[in-house]
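Visitor: Please walk me through this structure, one question at a time.

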Amino acid sequence: VELVKLKAVEHATQAPARLTDASLVRALEQCGVGRPSTYASVIETLIERGYVRRVLSSAPSSLAGGGASAAADVNNNTRSSTRLPLAPRLTAFAVDALLAEHFPNLVDERFTAE
């Protein structure tokens with residue numbers, strides 16, 4: 001078999017869009033998790049426990065887990081920051097993996113919705 005033609009094609013993929021408060025609430029509603037009165041406290045808990053953080057940019061360097069530049073972080077207590085993306089931290093991935101391995105029913109959205 002002889003190669004007749006070879007063409008290099010550059011292709012860049014994009015990560016899925018990060019969640020904002022509004023898109024996270026929509027996702028929770030679609031899964032039947034929580035109630036309207038609990039959505040704000042759920043998001044606040046995720047931030048306070050260090051599972052997510054708000055970032056100024058959706059650039060990959062500003063969304064990295066624990067080692068990202070502090071300049072990308074914003075004050076999580078301001079009302080205006082609720083439109084900024086929520087970036088997961090390494091802690092979130094670690095906790096999710098441990099829960100999925102040892103308590104799979106707890107990370108099942110159907111179980112949580114009930």
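Visitor: At what angle do the axes of helix α1 and helix α2 cross?
Guide: Helices (H or I, at least four residues) and strands (E, at least two) are DSSP runs, numbered from the N terminus. An axis is a line fitted to C-alpha atoms, for helices over the stretch in contact, and angles run from 0 to 180 degrees between N-to-C directions. The axes of α1 (residues 21-31) and α2 (residues 39-48) come within 11 Å, and their crossing angle is roughly 115°.

Visitor: What kind of model is this, and how are residues numbered?
Guide: This is a predicted model, in which local features need pLDDT of at least 70 and side-chain atom pairs count only at pLDDT 80 or more, while totals for chains, interfaces and linings use all residues. Side-chain values use heavy atoms, with hydrogens and water left out, and residues are numbered along each chain as its sequence is written, from 1.

Visitor: Which residues of α2 meet α1?
Guide: Contact means heavy atoms within 4.5 Å. From α1 come Asp21, Leu24, Val25, Leu28 and Glu29; on the side of α2 they meet Tyr39, Val42, Ile43 and Leu46.

Visitor: How many residues of the contact of α1 with α2 are charged?
Guide: Ala, Val, Leu, Ile, Met, Phe, Trp, Tyr, Cys and Pro count as nonpolar, Asp, Glu, Lys and Arg as charged, and the others, Gly among them, as polar. In the contact of α1 with α2, seven residues are nonpolar, no residue is polar, and the charged ones number two.

Visitor: Is Tyr39 buried or exposed?
Guide: Buried means under 20% relative accessible area, exposed over 50%, and partly exposed in between (1.4 Å probe, protein chains only). Tyr39 sits in helix α2. Its relative accessible area is 8%, so Tyr39 is buried.

Visitor: How far apart in space are Tyr39 and Leu28?
Guide: Leaving aside neighbours within four places in sequence, Tyr39 is in contact with Val25, Leu28, Glu29, Val33 and Gly34. Tyr39 and Leu28 are eleven residues apart in sequence, and from C-alpha to C-alpha the spacing is 8.2 Å.

Visitor: What covers the buried residues of α1?
Guide: The buried residues in α1 are Asp21, Ser23, Leu24, Val25 and Leu28. Their cover includes α2, β1 (52-54) and β2 (86-88).

Visitor: Why does Asp21 count as buried?
Guide: Asp21 is found in helix α1. Not counting residues up to four places away in sequence, Asp21 touches Ile43, Arg54, Thr82 and Leu86. Asp21 counts as buried because its relative accessibility is 14%.

Visitor: With which side chain does the side chain of Asp21 make a polar contact?
Guide: A polar contact is a pair of N or O atoms within 3.5 Å; within protein, one must be able to donate a hydrogen and the other to accept it, and residues adjacent in sequence count only if both atoms are side-chain atoms. At 2.7 Å from the side chain of Asp21, the partner is the side chain of Arg54.

Visitor: In what order do the elements of the protein run?
Guide: The protein has five helices and two strands. From the N terminus on, the order is α-α-β-α-β-α-α.
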